[in-house]
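Please look through the sequence and the model shown here before reading on. The report that follows goes through the chain part by part.

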Amino acid sequence: MNYLAGAGFALGAFNQSAMRVSPENFRAALGRWASGVTVVTARFKQGAHGMTASSLVSVSLSPALISVCMAKDARTLEWMTASQAFAVNVLSSEQESLSRHFSSAETDRDRLKDVAFGELSTGSPVLDGAAVVLDCRMHAMHPAGDHVLCIGEVVQTRVSDKAPLLFYRGEYRRLDPKV
Ligand SMILES: Cc1cc2nc3c(=O)[nH]c(=O)nc-3n(C[C@H](O)[C@H](O)[C@H](O)COP(=O)(O)O)c2cc1C
């Protein structure tokens, strides 16, 4: 902390509660972070499950690592923990309905029942028509507040030139090809 002290920055002067952002302000700020939309899937024994997630981050080039952040009570997390593998399906601009399907509490049973999918190296479900697929082995899991940061080692990719589905301020968006 010497470099902070040197800059005249007195950390002890802050009131701890004043340093805590409200949930509303947190959501308002992060909602203005434009992201893509993925469906994270996992298979264990005879079953499979998946959920919509926008928390994909590139972590490391060598080894090839990515992270997704899953709510502690997300059922998909149980499948990922059991199988120690998962696939990140980056949705194309034509797959908004899949994003809604995989995030709805009403479709939480048998989510993959009427969805077309295959598999790559890990056996995790790979959705037909996804713009990009990252097939991952679980590398590490770190508790982080009410979520678990899941770091995956990418063992296989499937890439297309399909335009991505975007999410911004609580709404689905698409790239403007003119920009
Ligand atoms: C655009 C979008 C992005 C989302 N991103 C995440 C995410 O990164 N992590 C997460 O835990 N939940 C995320 N969710 C919420 C989950 O998709 C939702 O809670 C889902 O029903 C969980 O399913 P499960 O409990 O059956 O696994 C997102 C939802 C939407 C619509």
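## Two loop residues with positive phi

Arg 169 has its place in the loop between β11 and β12, where helices (H or I, at least four residues) and strands (E, at least two) are DSSP runs numbered from the N terminus. Phi of Arg 169 is near 50°, a positive value in a residue other than glycine. Arg 169 counts as exposed because it has 10 C-beta neighbours inside 10 Å; a residue is buried if 20 or more other C-beta atoms lie within 10 Å of its own, exposed if 12 or fewer, and partly exposed in between, with C-beta atoms placed from the backbone. The model is a predicted one, in which local features need pLDDT of at least 70 and side-chain atom pairs count only at pLDDT 80 or more, while totals for chains, interfaces and linings use all residues. Residues are numbered from 1 along each chain as its sequence is written.

Lys 45, in the loop between β2 and β3, also has a positive phi, near 50°. Lys 45 counts as exposed, because 8 C-beta neighbours lie inside 10 Å.

## The chain as a whole

The secondary structure comes to four helices and 12 strands, and of the 179 residues of the chain, 27% count as buried. Among contacts between residues at least 6 apart in sequence, 63% join residues at least 24 apart; two residues are in contact if their C-beta atoms, placed from the backbone, lie within 7 Å.

## Strands and their pairing

Strand β2 (residues 38-44) runs antiparallel to β3, and seven bridges join them; two strands pair if DSSP finds at least two bridges between them. Thr 38 has Ala 53 of β3 as its bridge partner, and six of the seven residues of β3 are buried.

β5 and β10 pair in the antiparallel sense over seven bridges, with Gly 152 in β10 as the bridge partner of Ile 66. β10 also pairs with β9, in the antiparallel sense and over 12 bridges, and there Met 138 stands opposite Gly 152. In the hairpin of β9 and β10, which has two residues between the strands, Gly 145 takes a positive phi near 60°. A separate detail concerns the loop between β4 (57-60) and β5, in which Pro 63 lies: the peptide bond from Ser 62 to Pro 63 is cis, with omega near 5°.

An open sheet of three strands has the order β1-β11-β12, with antiparallel pairing. Its edge strands, each of which pairs on one side only, are β1 (35-36) and β12 (171-174). Strand β11 (residues 165-168) is joined to β12 by four bridges, and Phe 167 has Tyr 172 in β12 as its bridge partner.

## A histidine in β9

His 139 has its place in strand β9 and is partly exposed, because 18 other C-beta atoms lie within 10 Å. Not counting residues up to four places away in sequence, His 139 touches Leu 65, Ile 151, Gly 152 and Glu 153. His 139 and Gly 152 are 13 residues apart in sequence, yet 4.9 Å apart in space, C-alpha to C-alpha.

The buried residues of α3 are Thr 76, Leu 77, Trp 79, Met 80 and Ser 83. Seen down the axis of α3, these residues fall within an arc of 160°, so they line one face of the helix; the arc is that of the directions from the helix axis to the C-beta atoms. What covers them includes β2, β3, β5, β6, β9 (132-144) and β10 (147-159). After α3 comes Gln 84, whose phi is positive, near 55°.

The largest nonpolar core has 31 residues, and those with the most contacts inside it are Phe 86, Val 88 and Leu 91. Such a core is a set of buried Ala, Val, Leu, Ile, Met, Phe, Trp, Tyr and Cys residues joined through C-beta atoms within 7 Å. Strand β6 (residues 85-90) gives the largest share of this core, five residues. Leaving aside its neighbours within four places in sequence, Phe 86 is in contact with residues including Val 40, Met 80, Met 138 and Gly 152.

## Around the ligand

Of the 17 residues around the ligand, Ala 53, Ser 55, Ala 71, Thr 76 and Ser 103 come nearest; a residue is near a molecule or strand if its C-beta atom, placed from the backbone, lies within 6 Å of it. The elements that give two or more residues to this shell are β3 (47-53), β5 (65-71), α3 (75-83) and α4 (96-103).
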